[in-house]
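Grab your viewer and work through these exercises on a ligand and the pockets around it. Try each task before you read the solution.

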Amino acid sequence: MEKGLFITFEGCDGCGKTTQLELLAQYLQEHGYSVLTTREPGAKGLGTKLREILLNYDGEVSSNCESFLFLADRAQHIDTIVKPAINAGKIVLCDRHIDSTIAYQGYGRGIDHEHLAYLNDLATSGLKPDLTLLFDVDTETSMQRVGKNKDRMESAGIEFQEKVRRGYLELAKSEPNRIKVLDSRKSIEQLHQEVLTIFSCFSKTE
Ligand code: TYD
């Protein structure tokens, strides 16, 4: 593969996307692909400092400030990690990316979606994921899976999480070619098989 692929994993907290990302990475590596797994916020370096603030800062954080911190992390992540890997022909599997900002800061916090889309574009210099896997789960199950040890974002409340979920589903409706929705109530193995099917259909059309 000359130029790599960029695949993002999205969904509410506790939806199981990280497990699926790791399973796909393992499968691809076993089949000879060169893979990079990464995440937002906070892949490494400066990003880990931003992650610490975003998830653990216990003072007041305005919604605009929160958005800019996620976007700052994204700009650094895309420029220093994602783009070099894609240009080196790797398959980049990324845990959360642009759709998280629209779902959480847009639908969740109520920030204008068009502004956020513009800022996402600026942060990524227009690079878009080739494929996005959205793991959909009802809010009750998702909060049960998160448990009691909640970070700053997970503590935003049920109503917030419901708005985020609705946001994701709206995004999937508006970009059905890029965003594929999977039902996270299925077993880990069932979901993994569905991920492989989506990946193989996608790579045939590339
Ligand atoms: P993380 O511990 O990585 O959660 P998860 O395992 O569910 O991915 O925390 C990331 C949190 O940050 C998560 O609650 C979603 C939130 N987030 C945003 O609100 N906006 C964003 O742009 C991104 C990337 C994440």
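**Exercise 1.** How far is an oxygen atom of the ligand from an N or O atom in the side chain of Thr-101?

*Solution.* First, some ground rules. This is a predicted model, where local features need pLDDT of at least 70, side-chain atom pairs count only at pLDDT 80 or more, and totals for chains, interfaces and linings use all residues. Residues are numbered from 1 along each chain as its sequence is written, and side-chain values use heavy atoms, with hydrogens and water left out.

Step one: the Thr-101 distance is 2.5 Å.

Lys-17 puts a polar side-chain atom 2.6 Å from a ligand oxygen, and for an N or O atom in the Arg-96 side chain the distance is 2.7 Å.

Step three: check the cover.

**Exercise 2.** Which residues around the ligand are the closest, and which element gives the largest share of the shell?

*Solution.* Start with the count: 15 residues surround the ligand, and Asp-13, Lys-17, Arg-96, Thr-101 and Gln-105 are the closest (near means a heavy atom within 4 Å). Next, the elements: H4 gives the largest share of this shell, four residues. Helices here are DSSP runs (H or I, at least four residues), as are strands (E, at least two), numbered from the N terminus. Ala, Val, Leu, Ile, Met, Phe, Trp, Tyr, Cys and Pro count as nonpolar, Asp, Glu, Lys and Arg as charged, and the others, Gly among them, as polar.

**Exercise 3.** Where does the ligand sit?

*Solution.* The ligand sits in the largest pocket, meaning more than half of its atoms lie within 2 Å of the pocket's grid points. A pocket is an open set of points on a 1 Å grid over the protein atoms alone, where a 1.4 Å probe fits, with protein on both sides within 12 Å along at least five of seven lines; lining residues have an atom within 4 Å of a point.

Now the volume: this pocket holds about 490 Å³ of space (the space filled by probe spheres set on the points, which are joined across faces, edges and corners). Of its 24 lining residues, Asp-13, Lys-17, Glu-40, Arg-51 and Arg-96 are the closest to the centre. The lining has seven nonpolar, seven polar and ten charged residues.

**Exercise 4.** What backbone features turn up at Arg-96 and between Glu-40 and Pro-41?

*Solution.* Arg-96, in the loop between strand S3 (91-95) and H4, has a positive phi of about 75 degrees although it is not a glycine. The peptide bond from Glu-40 to Pro-41 is cis, with omega near -5 degrees; Pro-41 belongs to the loop between strand S2 (35-39) and H2.

Conventions: Polar contact = N/O pair within 3.5 Å; in protein donor to acceptor, adjacent residues only side chain to side chain.
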